[in-house]
Amino acid sequence: MSDQHGGTGARSVVISVDMEGVTGVSSWVQVSPPEFGGLVSGAEYERARERMTLEAAAAAQGALDAGATDVLVNDSHDTMRNLIPELLPDGVRFTSGNDKPLSMVQGVQEAGVLGLLFVGYHARAGSVRGPLAHTWNGFIRDVRVNGVSTGEYGLNALLAGHYGVPVLFACGDDVAMTEITAELGENVITVPVKEGLSSFAATHLHPREAQRRIRDGAFRAVTQALGSPPEPYSTRFPAAAQLSFDHQARADACERVPGITRIDAVTVGWESENAFHLFQTFRMLASVAAVRLNA
């Protein structure tokens, strides 16, 4: 572990907010920015981004009420410019734009960060009854670190842990919350805002009730951390990582990258000395694998 910034005296928090886990969301139509065309709806997207912002705002207000001195909300969905800043509490900082060095957890590298909060998070790729369950994009089938299948929550938690920052709180669908508890531990306070029925259906809380529960959960999580800071999430290093795709052509492309080993038809692997290397290698391979399948 390097560049530790958390611990005693830290009082700021970072909120990583995604959209697929937000209440009321159960279709790709709702979370797809309309500028890219395809199966999208500008009206549906606008409503979803408003609820996304209000859930982030609820978590931010809960953290502030608990004693956080600074809150940074990191837009972590798709183009990463979905937030409506005017709906955030006064004084809250936010990041936007998808070319951020630490992507979904930009900000954890700052000094004085007490913890990381996940808002609007979803289940990993392949999860049963997880609404819009995926990992990073539509063609990654599985990610494993030291043999453990994980999702965006696990990769982000490991990267935050590299900087000494623990995950304190998470909200999203019930399948994701179960996965987060199983991997990151019961010290992470979780708030499910919808119950998954299938990949494209869920039973949702009313948005205002979801926001109330999120605010309360974030308050409890930050209060707990200020009293007794939890340990950051980590794994055994050097770590063995594997990445599986939906098509062998993606593994073909990744196999050509130095240091990457072919495991099977659709899987490649590598070894990382720390979480920063693991995350950035994963991110790079996800880009390399975005090849045309109808060439």
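Select D252 and R262: their side chains form a salt bridge in this predicted model, with the closest N and O atoms 3.0 Å apart. The pair links distant parts of the chain, since D252 lies in helix α6 (residues 248-255) and R262 in strand β11 (residues 261-264), 10 residues apart. Colouring by accessibility will show D252 as partly exposed at 29% relative accessibility, and R262 likewise as partly exposed at 24%.

Next, select D70, R93 and E110 together. Salt bridges that share partners join these three residues into one network.

Move on to R124 and E179, another salt bridge, in which the closest N and O atoms are 3.9 Å apart. Here too, distant parts of the chain are linked: R124 is in the loop between β4 (113-121) and β5 (140-145), whereas E179 belongs to helix α4 (residues 174-184), 55 residues apart. Is E179 buried or exposed? With a relative accessibility of 12%, E179 counts as buried, because the limit for burial is under 20%.

Finally, select helix α2 (residues 42-66) and find R47 and E44, which are three residues apart and so separated by about one helical turn. Their side chains meet in a salt bridge at 4.0 Å, N to O. R47 is partly exposed, with a relative accessible area of 45%; E44 is also partly exposed, at 28%.

To continue the tour, display every such pair: the count comes to 14 salt bridges.

How values were computed. Residues numbered from 1 in each chain as written. Predicted model: local features only at pLDDT ≥ 70, side-chain atom pairs only at ≥ 80, totals over all residues. Heavy atoms only, no water. Helix = DSSP H or I, 4+ residues; strand = E, 2+ residues; numbered from the N terminus. Buried < 20%, exposed > 50% of the residue type's maximum accessible area, 1.4 Å probe, protein only.
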